[in-house]
Amino acid sequence: MLNSASPDFRVKHLQLMEIPVFTVDAFTNLPFKGNPAAICLIENELQDDLYQSIAAEMNLSETAFITRRNSMDFSSGARFGLRWFTPKSEVPLCGHATLASAAVLFYVKKNINPFVVFETMSGELNVRQHEESLIMDFPLNKPKPQDQREIKDLLKAAVGDLPIQDVCYCSTTKKLMIRLSDTCNRSELTSLRPEVEALLKNEYTGRIKGVIVTMKGAPNAQPGYDFYSRYFAPWVGIPEDPVTGSAHTVLAGYWSEKLNKKKMLAYQCSSRGGEMELELRDDGRLNISGRAQIVLQGTLKI
């Protein structure tokens, strides 16, 4: 018989914390496409190491934690805290997990507000519903030209011998952007297989946290994508991210100038694939629009 002082008794009778958790496929209207994110609804703030442990357990590119503000519940509140964690670390901005978080609030919790505001490491981010899509108000992070000679080994590790037209760097997001030559075709982008170890070996300073590889699209062919991309971030534990909203805050600034367009349709051609609409606003910010599918709902017991 266990007595109340024994460790086994305390473990057996320990009150479990129950956290609602969802898996949401973002930037797609189909299940098992787009980018999956785990979304947790948090009543009270947790310790940072517990957030990280949950993200490691979920083992998706991002796990997002939505916390209540001003004692309002998830259905009536208009303002929430939002944090994003990869399996290895917290990140300052994540597009697909923000879209997925809004999808849980609007589609599952039936939030009554026309838009919700997330308080994040990247400032306040608004998300609203529009027809079957969700529109996110995000920062625009324009990249600057990068001297290719300084990082030639990293470029080789990322794209091999494919011809490069442009290389840019965004210090805000720590993302390197490589534009392939217009002589390349989409199949060359989709068949890229950068080796994780080669990327990590050639960039260990902490200056770069992710590599975007992009190329001009086919705007005259249906559905008319203006540009394509892929995104690799082994530095934060993500060999390849399927569809990346934060990368498009960089891509939008670059391609808008090159194409002389403020509205663009983008496709990230990972194996899962996903698309988003981009609109540069007059106030210098970016609207990112996409759809989301909730594919799993459950309870995390810890």
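Analyst: The side chains of Asp147 and Arg149 are joined by a salt bridge, at 3.1 Å from N to O. A salt bridge here is a side-chain nitrogen of Lys or Arg within 4 Å of a carboxyl oxygen of Asp or Glu. This is a predicted model, in which local features need pLDDT of at least 70 and side-chain atom pairs count only at pLDDT 80 or more, while totals for chains, interfaces and linings use all residues. Residues are numbered from 1 along each chain as its sequence is written, and side-chain values use heavy atoms, with hydrogens and water left out.

In that pair, Asp147 is partly exposed, with a relative accessible area of 29%, and Arg149 is exposed, at 68%. Buried means under 20% relative accessible area, exposed over 50%, and partly exposed in between (1.4 Å probe, protein chains only).

Another salt bridge connects Arg230 with Glu240, whose closest N and O atoms are 2.9 Å apart. This pair links distant parts of the chain, 10 residues apart: Arg230 lies in strand β13 (residues 227-233) and Glu240 in strand β14 (residues 238-241). Strands (E, at least two residues) are DSSP runs, numbered from the N terminus. Arg230 is buried, with a relative accessible area of 3%, whereas Glu240 is partly exposed, at 27% relative accessibility.

Arg281 pairs with Asp283 in a salt bridge, with 2.6 Å between the closest N and O atoms. Arg281 counts as partly exposed, at 23% relative accessibility. The structure holds 20 salt bridges.

Terms used:
Helix = DSSP H or I, 4+ residues; strand = E, 2+ residues; numbered from the N terminus.
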